[in-house]
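Please look over the sequence and the structure shown here before reading on.

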Amino acid sequence: MDKDNIAPLHCSYLYDDSSHYWEKTSKEVFWSKIPIIGWIIAEIEYSKRVAPVVKMVEEQLANRKDINLYDFYDDPLGAEAAVYLNKSIDENMGWDEYRCIHFVPEDPVRIVMWSFSDALDETCVILQIENYIGRELSQEELDKQSEGTLDDIVKFMVAEKQKTRKPDNRSVASDCRFS
C-alpha cells in the first residue's frame with residue numbers, strides 16, 4: 001500500500017464533546033450503582049452505545065493492508081520507535097481483529113488510544129512508552145501527547161531515547177595509543 005494514499009483515521013464523534021455517545025444512558029447510570037452484576041450490565045450497555053463509533057474506526061483499519069512503517073521514516077531510530085509503539089498499541093488497545101501494524105504516523109492519538117474496551121488499555125501503552133524511554137512521563141507530557149498524532153509520540157520517544165542513550169562501549173582511553 002502506497003504510504004501517500006493512506007488517509008489518517010478519522011472519527012468526528014471522538015472530537016465532539018457534545019455528542020450523545022459520551023453521555024451515559026439512564027440504564028448505564030442505574031446499573032453502575034449495583035456492585036458486580038450491575039457493573040457488568042452497565043459495561044454491556046456502554047459497549048452497545050459506542051458500537052457504531054468502534055465500527056467506523058474498524059472499517060477504516062480493515063481497508064489498510066501491508067503497511068511498512070519503515071517507508072515512513074528515513075531515520076532508523078524513528079522507524080524502530082514507530083514499530084515499538086504500534087506493537088504496543090496492537091497488544092494493548094481493543095483493536096483485536098487488526099493485530100498487525102495498521103496505524104500510520106498521521107493517525108490521531110485520540111482515536112488510536114481510545115480506551116473503548118478497557119480502562120487499562122491506554123495505561124499499558126503508556127507504561128511501555130515509559131519503559132522504552134527509561135523514565136516516567138509527567139501528566140503535562142501525557143496531556144500534550146494525547147492531542148497529537150502517533151508521529152508526535154514517535155518523535156518524542158526518539159528524542160527521549162537519544163537523551164538517555166548509552167554511549168558505545170569504547171572509552172576515551174581506548175582511543176589513546178600508548179607507545
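**Briefing on the predicted model**

In this predicted model, helix α3 passes helix α7 in a right-handed crossing. The protein chain has seven helices and zero strands. Of its 179 residues, 40% are buried.

**Overall fold**

- Along the sequence, the elements of the protein chain follow the pattern α-α-α-α-α-α-α.
- Helix α1 covers residues 26-32, and helix α2 covers residues 37-62.
- Helix α3 runs over residues 76-92 and helix α7 over residues 150-164, while helix α5 takes in residues 121-133.
- Helix α4 is made of residues 109-112.

**How helices pack**

- Two packed helices are described by the angle between their axes and the distance between the axes.
- The axes of α3 and α7 are 9 Å apart, and the two helices pack at an angle of about 120 degrees.
- Angles over 145 degrees count as roughly antiparallel and those from 65 to 115 as roughly perpendicular, so α3 and α7, at about 120 degrees, are oblique to each other.
- Helix α3 also packs with α5, at an angle of about 150 degrees and with the axes 9 Å apart.
- That angle makes α3 roughly antiparallel to α5.
- The crossing in which α3 passes α5 is right-handed.

**Salt bridges**

- Side chains of opposite charge can pair when their charged atoms come close.
- The structure holds eight salt bridges.
- One of them joins the side chains of Arg49 and Glu28, with an N to O distance of 2.6 Å.
- Arg49 lies in α2 and Glu28 in α1, so this pair ties together parts of the chain that are 21 residues apart in sequence.
- Are Arg49 and Glu28 buried or exposed? Arg49 is buried because its relative accessible area of 13% is under the 20% cut-off, and Glu28 is buried at 3%.
- Another salt bridge is formed by the side chains of Glu59 and Lys55, at 3.9 Å from N to O.
- Glu59 and Lys55 both belong to α2 and are four residues apart, which is about one turn of the helix.
- Glu59 is partly exposed, with a relative accessibility of 43%.
- A further salt bridge brings together the side chains of Arg135 and Glu141, 2.5 Å from N to O.
- Arg135 is partly exposed at 29% relative accessible area, whereas Glu141 is buried at 18%.

**A nonpolar surface patch**

- Ile36, Ile37, Trp39, Ile40 and Ile44 make a nonpolar surface patch of about 540 Å².
- Ile36 is located in the loop between α1 and α2, and Ile44 is in helix α2.
- Ile36 counts as exposed because its relative accessibility is 55%, and the cut-off for exposed is over 50%.
- Ile44, at 46% relative accessibility, counts as partly exposed.
- Most residues other than glycine have a negative phi.
- Ile36 has a phi near 60 degrees, a positive value in a residue other than glycine.

- Arg64 sits in the loop between α2 and α3.
- With a relative accessibility of 4%, Arg64 counts as buried.
- How many residues separate Arg64 from Ile6 along the chain? Arg64 and Ile6 are 58 residues apart, and their C-alpha atoms are separated by 7.7 Å.
- Pro105 is part of the loop between α3 and α4.
- Pro105 is buried, with a relative accessible area of 8%.
- Between Pro105 and Ile153 there are 9.0 Å in space, C-alpha to C-alpha, although the two are 48 residues apart in sequence.

Methods:
Residues numbered from 1 in each chain as written. Predicted model: local features only at pLDDT ≥ 70, side-chain atom pairs only at ≥ 80, totals over all residues. Heavy atoms only, no water. Patch = residues over 30% accessible without salt bridge, like charges linked within 9 Å, V, L, I, M, F, W, Y side chains within 5 Å. Areas by Shrake-Rupley, 256 points an atom, 1.4 Å probe, with all protein chains shown as cover. Salt bridge = Lys/Arg side-chain N within 4 Å of Asp/Glu carboxyl O. Buried < 20%, exposed > 50% of the residue type's maximum accessible area, 1.4 Å probe, protein only. Axes fitted to C-alpha atoms, helices over the stretch in contact; angles between N-to-C directions. Parallel < 35°, antiparallel > 145°, perpendicular 65-115°, else oblique. Left-handed = near helix turned anticlockwise from the far one by under 90°.
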